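Subject: Structure handover

Hello,

Here is the structure I promised to pass on. Please open it alongside this note.

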Amino acid sequence: MSAFAMQAKTLVVYYSYTNNVHSIVAELTKQIDADVVRIQPAEKGLDYEANNYAIGSAQIAAIRNNPTDPNSYPAIDPVDVNLDEYDCVIIGAPLWWSNMASPLQTYLFQNGGKMAGKKIGLIVSSASSGISGVESDAKRLIPNGDFFTPSLWIRSAQTRNAASLIQQWLKDIDYASVAGISGAKAESGVVNVYDLMGNLVYSGTQELIDVTASGTYLVKTNAVTKKVRI
Ligand SMILES: Cc1cc2nc3c(=O)[nH]c(=O)nc-3n(C[C@H](O)[C@H](O)[C@H](O)COP(=O)(O)O)c2cc1C
């Protein structure tokens, strides 16, 4: 017998060069259930900070100059994730020259279209610069995302306080009400669970439902249908 709580599924996608965003994501995943993907540039060993950030700034400039050209974006390692499975994507981004770090832009350039209609959260780490350019990048790359507001800005020097900043942010965006579908359940009163053959395997009002076999199920209320893997 497997059980699942009726929760939306969240993916955290991030890039981190000097591990500030990595630490932030480690705190975030102590507070929420999420799958996590770390983007890695295909070209290893680049020193993005050398010579006054020369490589990083050249990559950002290439994207700024020609944002619709796939060749403007640095190659990244393949990412094995099926975005269909997720209702919510939280993006963890370092700020480079007032923009989103280029390897993360590559991932979103290639996949942002598949995030249409999903809830999108943005967490940005910068030394001091404001994050509006990174927000613009996210909106350009995920044109039909349903963005949480506000984004969360954590300055590098505040990385050690990430736990409390994230906790407050999750409250500010009311993440709990989005992550669960209990709101929709309350409206309809009844939740129906179907297997992929269309058989009704559960109908009722429980928050936690037991099914006999692991697999993929469709969870329906009058407001929401979700595909759930257990
Ligand atoms: C290429 C490059 C450019 C950067 N440009 C800026 C900048 O314009 N303004 C700023 O406040 N911080 C800038 N930073 C600093 C990073 O935003 C900051 O150190 C951040 O915490 C890095 O996150 P990470 O450790 O996850 O890579 C830059 C860093 C790099 C590597």
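Some ground rules. This is a predicted model, where local features need pLDDT of at least 70, side-chain atom pairs count only at pLDDT 80 or more, and totals for chains, interfaces and linings use all residues. Residues are numbered from 1 along each chain as its sequence is written, and side-chain values use heavy atoms, with hydrogens and water left out.

The ligand

The ligand is surrounded by 21 residues (near means a heavy atom within 4 Å). Closest are Ser16, Thr18, Leu95, Ser125 and Ser129. By type, the shell has nine nonpolar residues, eleven polar and one charged. Here Ala, Val, Leu, Ile, Met, Phe, Trp, Tyr, Cys and Pro count as nonpolar, Asp, Glu, Lys and Arg as charged, and the others, Gly among them, as polar.

Helices H1 (20-31) and H2 (50-65) and strands S4 (88-96) and S6 (119-126) each supply at least two shell residues. S4 gives the most, with three. These elements are DSSP runs numbered from the N terminus: helices are H or I with at least four residues, strands are E with at least two.

A backbone N or O atom of Tyr17 lies 2.7 Å from one. For Asn20 the distance is 2.7 Å. For Val21 it is 2.7 Å. Taken alone, the ligand exposes 650 Å², and the protein buries 91% of that (Shrake-Rupley method, 1.4 Å probe).

The aromatic rings

There are six aromatic pairs. Rings of Phe, Tyr and Trp (its six-membered ring) pair if their centres lie within 6.5 Å; planes under 30 degrees apart are stacked, over 60 edge-to-face, the rest tilted. Tyr15 and Trp96 are edge-to-face, 5.9 Å centre to centre with 80° between the planes. This pair links distant parts of the chain, 81 residues apart. Tyr15 is in the loop between strand S2 (10-14) and H1, and Trp96 is in S4.

Two backbone details

The peptide bond from Thr149 to Pro150 is cis, with omega near 0°. Pro150 is in the loop between strands S7 (146-147) and S8 (152-155). Tyr53, in helix H2, has a positive phi, near 65°, though not a glycine.

Best wishes

Technical notes:
A polar contact is a pair of N or O atoms within 3.5 Å; within protein, one must be able to donate a hydrogen and the other to accept it, and residues adjacent in sequence count only if both atoms are side-chain atoms.
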